[in-house]
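Reader: Please take me closely through one part of this model: the surroundings of its ligand. Then follow the links from there into the rest of the fold.

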Amino acid sequence: MRVEHRASLRDFNTFALPALAQTLVRITSDLDVRRVVDHPQHGVAPKFVLGGGSNVVLTRDVAAVVLKVEVPGRRLVETLDDAWIVEAGAGEPWPDFVAWTLDQGWPGLENLALIPGSVGAAPVQNIGAYGVELKDRFHSLDAVDLVTGRGVTLDAAACRFGYRDSVFKHDGFGGLAGKSVITRVRFRLPRPWQPVLGYLDLERKMAETGNPRPDARTVFDWVCAIRRAKLPDPAVVGNAGSFFKNPVVSAEQCRDIIGRDPEIVHYPLPDGSVKLAAGWLIDACGWKGKTVGRAGVYEKQALVLVNRGGATGAEVVTLARAIQESVYGRFGIRLEPEPVIV
Ligand code: EPU
């Protein structure tokens, strides 16, 4: 267990925002979490769990003990008749893990290729892209309780997955936000493999290439190409992916909005409600490519806020608020941020 004091978090958040951790503890095993729990000071101090730092906006220094999860490892747990069960340590980078499963011949995660972040953070916000959500491929995870130091294994029901949501994002009754550290995640990759190709961008690729039956590697390559064309690489331009969730409105509200803006991008959901494309709403308010202070709205995708160089978390939040106000002013819809704002 490595402990650092007044450690810079700039390299540990994909927005590249400046902030210090009073205490930073690197966690490489379940035992490390127990050592923190048993520690006379750290045990009783508030804790902040940091994964790949791809879903956080740091607006100030962090007084809590920051637990940086670096648990390594990846392995095939079991080959069943109808699935491969594959496991990874929470500290493994998600994009590398997806590429590795494909290299090993265990497809199923290809639609989730190239999403920045760590394996341990993936269930926290139930990452999703191109028609697949983490919950569709989830088996179980191991976590260590930050009060008792006890290890637990949670299945999908216990994780309470929702759209970019899980039990790990809630701190109310029964919520686990800040209460446990995810150390390993297992995935259930169904066999035989079935492609998921219903998303518009993938349908376009099928038409463009004249290939209606892509294999998993091809879907992987397509998803990587689509993402690279639309989303900034955090290694080059600081960002946290989509900054807002796509809002869900009632069918009635949607009819109203369509009446005024017929071209609004929307997707009907099974329960009768309608999901609206937040990127479209922000774009329609004229924000694409704009800059406020040193924070900006990405030129190719209005849902992504970027660090134009040297931005602070406060500048990002100021820009986010201005966007929320203008979308509310024009459409009467409140956009909810996706990343955790600290
Ligand atoms: N759109 C615009 N202008 C924009 C951006 C989008 O008009 O500036 C329109 C697009 O033309 C499209 C629609 O909005 O018709 C939706 O855009 P897109 O397909 O790019 O997806 P999204 O809703 O913006 C969501 C996820 C992404 C995920 C993609 C692909 C959320 C909040 N975001 O984006 O996830 O990669 O779908 O599945 O659900 C993330 O969470 O960080 C993330 C990148």
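Author: Start with residue classes: Ala, Val, Leu, Ile, Met, Phe, Trp, Tyr, Cys and Pro count as nonpolar, Asp, Glu, Lys and Arg as charged, and the others, Gly among them, as polar. By that scheme, the shell around the ligand holds 11 nonpolar, six polar and seven charged residues.

This is a predicted model: local features need pLDDT of at least 70, side-chain atom pairs count only at pLDDT 80 or more, and totals for chains, interfaces and linings use all residues. Residues are numbered from 1 along each chain as its sequence is written, and side-chain values use heavy atoms, with hydrogens and water left out.

Now the site itself. There are 24 residues around the ligand. Five of them come nearest: Tyr-130, Tyr-163, Asp-283, Gln-301 and Ala-302. The shell also spans domains, whose bounds come from an automatic or database domain assignment. Domain 2 (74-190) and domain 3 (238-341) each supply at least three residues.

Next, the polar contacts (pairs of N or O atoms within 3.5 Å; within protein, one must be able to donate a hydrogen and the other to accept it, and residues adjacent in sequence count only if both atoms are side-chain atoms). Ala-302 works through its backbone: one of its N or O atoms there sits 2.8 Å from a ligand oxygen. Ala-302 is also among the residues that come nearest to the ligand. For Lys-230, a side-chain N or O atom is 2.9 Å from an oxygen of the ligand. For Lys-288, a polar side-chain atom is 3.4 Å from a ligand oxygen.

How much of the ligand does the protein bury? Taken alone, the ligand exposes 820 Å², and the protein buries 83% of that. Accessible areas here come from the Shrake-Rupley method with a 1.4 Å probe; for residues, only the protein chains shown count as cover.

Helices (H or I, at least four residues) and strands (E, at least two) are DSSP runs, numbered from the N terminus. α7 contributes the largest share, three residues.

Asn-111 sits in the loop between α2 and β8. Buried means under 20% relative accessible area, exposed over 50%, and partly exposed in between (1.4 Å probe, protein chains only). Leu-114 lies in the loop between α2 and β8 too. Its phi is positive, about 65°, although Leu-114 is not a glycine. At 27% relative accessibility, Leu-114 is partly exposed.

Arg-217 is partly exposed, at 34% relative accessibility. Arg-217 and Val-86 are 131 residues apart in sequence and 18 Å apart in space, C-alpha to C-alpha.

What is the largest nonpolar core made of? A nonpolar core is a set of buried Ala, Val, Leu, Ile, Met, Phe, Trp, Tyr and Cys residues joined through side-chain atoms within 4.5 Å. The largest has 42 residues, and those with the most contacts inside it are Trp-94, Phe-97, Leu-109, Leu-134, Leu-141 and Phe-187. Two or more residues come from each of β7 (83-89), α2 (94-103), β10 (138-145), β12 (180-190), α4 (200-209) and α5. α5 gives the most, seven residues.

In β10 lies Phe-138, buried at 7% relative accessible area. Phe-138 and Arg-186 are 48 residues apart in sequence, yet 6.5 Å apart in space, C-alpha to C-alpha. In the loop between β12 and α4 is Pro-192. The peptide bond from Arg-191 to Pro-192 is cis, with omega near 0°.

Notes. A residue is near a molecule or strand if one of its heavy atoms lies within 4 Å of it.
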